[in-house]
Amino acid sequence: MKQFALSQFNEIYLIVIGFFLFFSVFIGAIFWVYRKGSKKHYDYLSQLPLREENRT
Amino acid sequence: MSSSNDTNSGLIQVKYNDQIVRMFTLATIFWATIAFLVGIIIALQMAVPQLNLTGWLTFGRLRPLHTNAALFAFAGNAIFAGIYHSTQRLLKTRLFSDGLSKLHFWGWQFIIVLAVITLPLGISQGKEYAELEWPIDISIVLIWVVFAINFFGTLLRRNERHLYVAIWFYIATIVTVALLYIVNAICIPVGLFQSYIVYAGIQDALIQWWYGHNAVAFFLTTPFLGLMYYYLPKASNRPVYSYRLSVVHFWSLIFMYIWAGPHHLLNTALPGWLQILATVFSVMLWAPSWGGAVNGILTLRGAWHLLRTDPIIKFFVAAITFYAMATFEGPLLSIKAVNSLGHYTDWIVGHVHLGTLGWNGFLTFGMLYFIVPKLWNTELYSKKMANIHLWIGILGILFYYVSMLAAGITQGLMWRAVDANGQLVYPDFVETVIRIIPLFLFRALGGVLFLAGYVLLLYNVYKTIKQAPKELVEETVQVRISSSTPIHPERGHRKLEGMAAAFTILALIAILVGSIIEIAPTLSINKYVKTENKVEPFTPLELAGRDIYVKEGCYTCHSQMIRTIQSDVLRYGAASTIEESMYDRPFQWGSKRTGPDLARLGKKYPDLWHYMHMEDPRAVIKESIMPAYPWLITSKIDFDSLQKKVSLFNKLGVPYSDEDLSDANNRAKEQAKKIADVLKSQGVKEDVSDKKITALIAYLQALGQKGGE
């Protein structure tokens, strides 16, 4: 099975498929962070370090 | 989002554990001094070999001390201080357990002390950045687990539902470092102070650099990026430039980094497909690395004036700039053609220090200038001094980097220079060394400047702490518990960002994909080994010699890997094969050629030459910068342990003959006697038949003589 997998390494279509798999995950992630309504959420998150609690 | 409305219910008081942060901060400052000092000593040793004063102060033993101190003691303590300080504040809760925190601190310092003692004594596994012997390995893993429990326990009792991006980087660090360290250190002990790694030859090489490069990725990059994402917004009082970018670059970074390790083995006997994968992923790493760097720098948008006035911001911006430079150069060096020039030279040393001194060093200094006054409830003693520190430090790094870059390219070009007849222009290796010795001195000057700047930090911190109030009260804040009243409805990824467990598993999957695809196929080494290339194992005496080679850290200056490039083949002989090192535990392919490659050293010189060379290298090669090893002539071979070692190797699949197996001890003594007799006939006065030098000579003469070409 492993030998078989390795022998496929010269298979150009597999390489292209692999590339598109990675690439689409990457593009997907970009679309994901720009999903509707995410701005408010990310603004909240990015303020987390700056929120100072009241000292007692 | 302030919680100032005290009339609301759900307010609780949280007292942060700042004592532990103070302890880790002071430990960082202390160990940094040691790491930098040892660095300067070994830098000078390369220009002035007489500075290798005694056995335990030779370059081969101090270099592992320098790297381990910089990595685990300086960077390690800095990470712990920063993580414990920022996590409590980001999650609005006290650390999980005071007891575990203390155990973490003292356990880690104890480990460092053990390293400081054992490494100069030559107690070493012979794997770069992982030299520490097995009892220390186990302690490191245990203390890391304590750290993990303390961290994840804090996560569980947090009062802020959402996890800020810095926390993600911390989680990825904790999970991945544990995996890397354990897998790379799996070994079989043959005593309290010695062990053999289970992997051999190419497997060991692959796993070592999977570990080694990801030590850079997950010990020197992800935790420091996490610290950057907390302290830079904090110090500049503005949110990170793009939170979205931080999400994308986090996942890209951890997913890609794990594949890049084999770029340390380009042009070697490593199978081609692994080399291609490593190059492709290393080049792709450009994007997420710069994603992080750009995100950091642009956080200062609209506040560039801070770059003129605030030394802390200056340190951070300089650190990120150095990070961008180092991560630009890294992919470049991972291209095979560039790598063939730069690999094994000082260029790589320069590259590493651009990252460690510039990125890790300066980010830590910025963090220290920021948190020390806060932790001791006072103001920084002198901003001006911090500014001077910055500029001396930058000057030091530039001296260091430029001299090493010049040295590396000069030497790399000299190694490959051929004349019209196809002959090497500089066939004597030492010629290429003499040329760069002035640059070694320049590098040492760079190190001295860097340390000089650091001394200002020491004084500044000392004065700051001295002016602090005697009674330090732990910071107590009022926190409104947000879990009962969510700020907005939870959906999809927002949920994921809040769920530490699911997130941790996803991150683990991301790093496991690359690891398994790269490592699993080579675990069955027989697929790559050509059976017609028969290889003889080292004799018991040669094995004893090999142990000395490992113990003395010869691999810190000598490679045993003739690359598949023309200049290597011209200089050292046919390219090394996988078979030749198939029984080597640990592999000794090396990463630096301060001296020549030794893969085919055997039978090149007579025994007497080696004897004189080890006693005093300059008696044989006038300009040599190798340390002298006179104690090898007086200290005795450990014959008694050979039986055990040979049968262990046999169990691991090394084909020893029945005679070797049943009588390793005496077989070794016979071989030693033969060598000693020859040496005696050539004029050596002492009887060295039971001395370490004889075993080492036996090993050196066996290099490249065991078949497998």
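Biologist: Is α5(B) largely enclosed by the rest of the structure or exposed, and how many of its residues are buried?
Modeller: The model is a predicted one, and a residue is taken as buried if 20 or more other C-beta atoms lie within 10 Å of its own. Helix α5(B) has 21 residues, and because 15 of the 21 are buried, α5(B) is largely enclosed by the rest of the structure. The number of buried residues in α5(B) is therefore 15.

Biologist: What span should helix α5 (residues 165-185) of chain B have, and how far apart are its end C-alpha atoms?
Modeller: The expected span is 1.5 Å times one less than the number of residues, so the 21 residues of helix α5 of chain B should span 30 Å. The end C-alpha atoms of this helix agree with that expectation, as they are apart by 30 Å.

Biologist: Into which domains is chain B divided, and how many residues does domain 2 of chain B give to the contact?
Modeller: Chain B is divided into domain 1 (11-418 + 426-470) and domain 2 (540-702). The contact between them takes 40 residues from domain 1 of chain B, while the number from domain 2 of chain B is 46.

Biologist: By class, how many charged residues has the side of domain 1 of chain B that touches domain 2 of chain B?
Modeller: Elements that give two or more residues to this side include α2 (59-91), α6 (201-219) and α15 (383-416) of chain B. By class, the side of domain 1 of chain B that touches domain 2 of chain B has 19 nonpolar and 15 polar residues, and the charged residues number six.

Notes
Residues are numbered from 1 along each chain as its sequence is written. Chains are lettered from A and ligands numbered from 1 in the order in which they are written. This is a predicted model: local features need pLDDT of at least 70, side-chain atom pairs count only at pLDDT 80 or more; totals for chains, interfaces and linings use all residues. Domain bounds come from an automatic or database domain assignment. Two residues are in contact if their C-beta atoms, placed from the backbone, lie within 7 Å. Helices (H or I, at least four residues) and strands (E, at least two) are DSSP runs, numbered from the N terminus. Ala, Val, Leu, Ile, Met, Phe, Trp, Tyr, Cys and Pro count as nonpolar, Asp, Glu, Lys and Arg as charged, and the others, Gly among them, as polar. A residue is buried if 20 or more other C-beta atoms lie within 10 Å of its own, exposed if 12 or fewer, and partly exposed in between; C-beta atoms are placed from the backbone.
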